[in-house]
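Please brief me on this model. Take the strands, the helix packing and the chain contact in turn.

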Amino acid sequence: MSTPLFHEQNARQRIAAIIDAGSFDELLPPPERITSPYLAQLGIPVSFDDGLVIGRAKIDGKKVYLAAQVGQFVGGAVGEIHGAKLTGLFMAATRDRIPCIIIIESGGVRLHEGSTGEIAIAETMRAIFECRARKVPTIAVIGSDIGAYGGMGILSTCCDFRIMTEHGRLGISGPIVIEKWMGKKAYDSANRALVWKTSGGKTKYLLGDADLLVHDAASAVRDGIAKLLAKSRAVTLKAVKVRHKELADRLKRLGGTSAADELWKRLGIRDIEAASLASGPEFVAVAKGGKAGRL
Amino acid sequence: MKKKPTKTPAADKTVPAKSASRAVLTRLFGRSAHGIASDRSVLTGYAATGGTEVCVVGTTNGTYVDNAAALRLAAHVIDCIERHPRMPIVMLVDSAGQEPNRVAEMLGLASYFGHLLSCLELARRKGHKLVTVATGKAIGGAFLCYGMFADRIYALDSASLGLMPVQAMSAVTKIPVPVLQKLSRTMPSLEFGAAPFALLGGVEEVWSARDDVQGKLAEAVAKASTDDNRAELGKKRGGRKLALDIRKRVLAQSAR
C-alpha cells in the first residue's frame, strides 16, 4: 500500500508519521474527556480532544512539543478548550526551552464559542512570542485541505518559520467570504486554480511568506522541520526594519497586480503552466532557476 | 454627536478627521489630541495622557484594515521605538475587520498583520507599555492584528467587540438567530459588545459615558504591566471558566 499524502492524513497520523517511531506522549489525551460545553448546549457532537492533539515527542532524537489540529472536527476551529491547550503547550515550550511545532488545519475561530476562541488565539500569540524571546523555535506547518485561515492564519505568521506544501493555503478571509463581499466575478471560490494561486503554498513561497515549500508527504515535512529545529529568528529592530522594507517594496511593486498568473510572472516564473503542475520541490527549483525575486 | 454642516471632501487626507472620531480623540486625550493625524481612517501621532507623552496608533470610522494600513501602523510603532525609547503606546480600535479582498490576500495580508504584531512585540520588549482602547468596532482580524496584543485592553461601553454579530454567526453556523440569542444570555461569548467581552477577560474594564475617560486612560497607562491576565480575569468573572484550568493542566502534565 502506498503511503498517503500529508493532506490526506488526519492529525494523529500526521504526528505519528513525522516523529521518531513511538516517541509521542499525548497531553490531555482523549480518555480525559475534556469536551466543549458550548457545543453540547448547541446540540452539536463534541470530541474528547476538542479537535486538537497535543503532546511531546522526538524528531531526529531531539525533544519537541507538537500540536495538530483535527480538521474533521468543526473544521479544526479554535474554541475555548482547543485554544487553551494550544496556549498551554507554547507556555510549556518556553518553560522547558523545547521547540514547538503546530500542524495547522483550521478555518480560525470556532464561531459556536464566539469570542472565547478569539481571545485564546490572542493569548497563544503572546505565548508564541515568549518562546521567540527565549530563542525557542516555533514552527507552523501548513499542508492541509482546510489550510490556515482567520485567526490561525495570523497566528502562523507569529511563528519563527512556516513550512508549507503545495496543498497548503495561508490567509485570513477565505474564498467563500470574499466571494460574498466582492462577487463571483472578482473571486470565484469554486475556481480551485485561482484559490490556490491566491493563498496556496507556491505563491506564499514565491513571496517569501513560507520559508520552505516541501512535497505533500509526511517524510518531506519531517525533513523540513529537522532543518529548522536548531534555528530561531529574534525579533530585533534590525529584523523588523528589514521586514518592513520587504513588505513595503512588495506592495509598491505588486500592489497593482490583480491577476494571479501576472503575480507569478512578476516574481520570475516563466512557464506558468509547468509551474502550476510542478510538485513543491520542482517548483522551488523553477523559482530559483527563474531567479524569482523573493520579496 | 453634532455633525459639521460643511461637506467633508471625499479624499480627506488631513486633520481634522470626521467630527465624530475627533470627538472620541478629544475625549481620550483632551487638547493634545491635535497631535494625532487621521489619514484614510488610520490614526498616527503623539498625544498626552496624565502629563505623560504617549504614541498613538489606531483605526477609525469602522474601516477595514488592509496591507497598506497595517504597514502604516507598523511604521509608526517603529518610529516610536527609534525616536522615543520606552514611551507608552496607546492603540485605538474602530475597525470592522480585515480587508475582505482577494488581492490583499494574494499579497499576504496575514504577513502584514504578523509584521505589525512583531513591531509591537519589539516595543514591549524594549519597555514600551501597550494599552488598547476599543472605541468603536473591534471585530475579528482587525482586533487580533494589534489591539488584542496590548498589555491591557479597555473599551468604551459604546464599542462593539467580538467575533461577529449574532445574525452573521447564524448565517455561517446555520443555527437560528433566536436560539443563539437565547443561548447568549448564559453564554456571554456569543454576545456582541464591550460588557460580555469583559466577562470573558478580554477587556480589563469598560468605560462609560459618565466616566472621566481622560483620567481612566492616564491611570491605565500608569499601571499597565506585561503579564497576560486575561485567562485569570475570565475565570474570576465567570465568562470563560475553563481556559485557565486547561492551560494549567497542560503545564502540569508536561512537567511530569
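In this predicted model, B:Tyr64 sits opposite B:Gly97, a residue of strand 5 of chain B.

**Strands of chain B**
- Strand 4, helix 2 (residues 67-83) and strand 5 of chain B form a β-α-β unit.
- The unit is right-handed.

**Sheet of chain A**
- Chain A has an open sheet of 7 strands, with mixed pairing.
- The strand order is 1-2-3-4-5-6-7.
- Which strands of chain A stand at the edges? They are strand 1 (25-27) and strand 7 (212-214).
- Each edge strand has a single partner strand, so one side of each lacks a neighbour in the sheet.
- From one strand to the next, the twist averages 25°.
- Strand 6 (residues 161-165) of chain A runs parallel to strand 7 of chain A, and 3 bridges join them.
- Within strand 7 of chain A, A:Leu213 is the residue that A:Met164 stands opposite.

**Helix 1 against helix 9, chain A**
- Helix 1 (residues 11-18) and helix 9 (residues 218-228) of chain A pack with their axes 9 Å apart.
- The angle between helix 1 and helix 9 of chain A is about 60°. These two helices are therefore oblique to each other.
- Helix 1 of chain A passes helix 9 of chain A in a right-handed crossing.
- Helix 1 of chain A brings A:Arg14, A:Ala17 and A:Ile18 to the contact. Helix 9 of chain A brings A:Ala218, A:Val221, A:Arg222 and A:Ile225.
- By class, this contact of helix 1 with helix 9 of chain A has 5 nonpolar, no polar and 2 charged residues.

**Helix 10 against helix 11, chain B**
- Helix 10 (residues 230-237) of chain B packs on helix 11 of chain B at an angle of about 130°. The axes are 8 Å apart.
- That angle makes helix 10 of chain B oblique to helix 11 of chain B.
- From helix 10 of chain B come B:Ala231, B:Glu232, B:Gly234 and B:Lys235. From helix 11 of chain B come B:Ala243, B:Leu244 and B:Arg247.
- The contact of helix 10 with helix 11 of chain B divides into 3 nonpolar, 1 polar and 3 charged residues.

**Contact between chains A and B**
- How many residues does each chain give to the contact? Chain A gives 70 residues and chain B gives 61 residues.
- On the side of chain A that touches chain B, the largest share comes from helix 4 (residues 115-133) of chain A, with 12 residues.
- That side of chain A has 40 nonpolar, 18 polar and 12 charged residues.

**Helix 3 of chain A against helix 11 of chain B**
- Helix 3 (residues 80-96) of chain A packs on helix 11 (residues 243-255) of chain B.
- The angle is about 40°, and the axes are 8 Å apart. Helix 3 of chain A is thus oblique to helix 11 of chain B.
- The crossing of helix 3 of chain A and helix 11 of chain B is right-handed.
- Helix 3 of chain A contributes A:Glu80, A:Ile81, A:Ala84, A:Lys85, A:Thr87, A:Gly88, A:Leu89, A:Met91 and A:Ala92.
- Helix 11 of chain B contributes B:Ala243, B:Ile246, B:Arg247, B:Val250, B:Leu251 and B:Ser254.
- The residues of this contact, helix 3 of chain A with helix 11 of chain B, are 9 nonpolar, 3 polar and 3 charged.

Terms used: Residues numbered from 1 in each chain as written. Chains lettered and ligands numbered in written order. Predicted model: local features only at pLDDT ≥ 70, side-chain atom pairs only at ≥ 80, totals over all residues. Pairing = 2+ DSSP bridges. Helix = DSSP H or I, 4+ residues; strand = E, 2+ residues; numbered from the N terminus. Axes fitted to C-alpha atoms, helices over the stretch in contact; angles between N-to-C directions. Contact = placed C-beta atoms within 7 Å. Nonpolar A, V, L, I, M, F, W, Y, C, P; charged D, E, K, R; others polar. Right-handed = clockwise from strand over helix to strand, strands pointing away. Parallel < 35°, antiparallel > 145°, perpendicular 65-115°, else oblique. Left-handed = near helix turned anticlockwise from the far one by under 90°.
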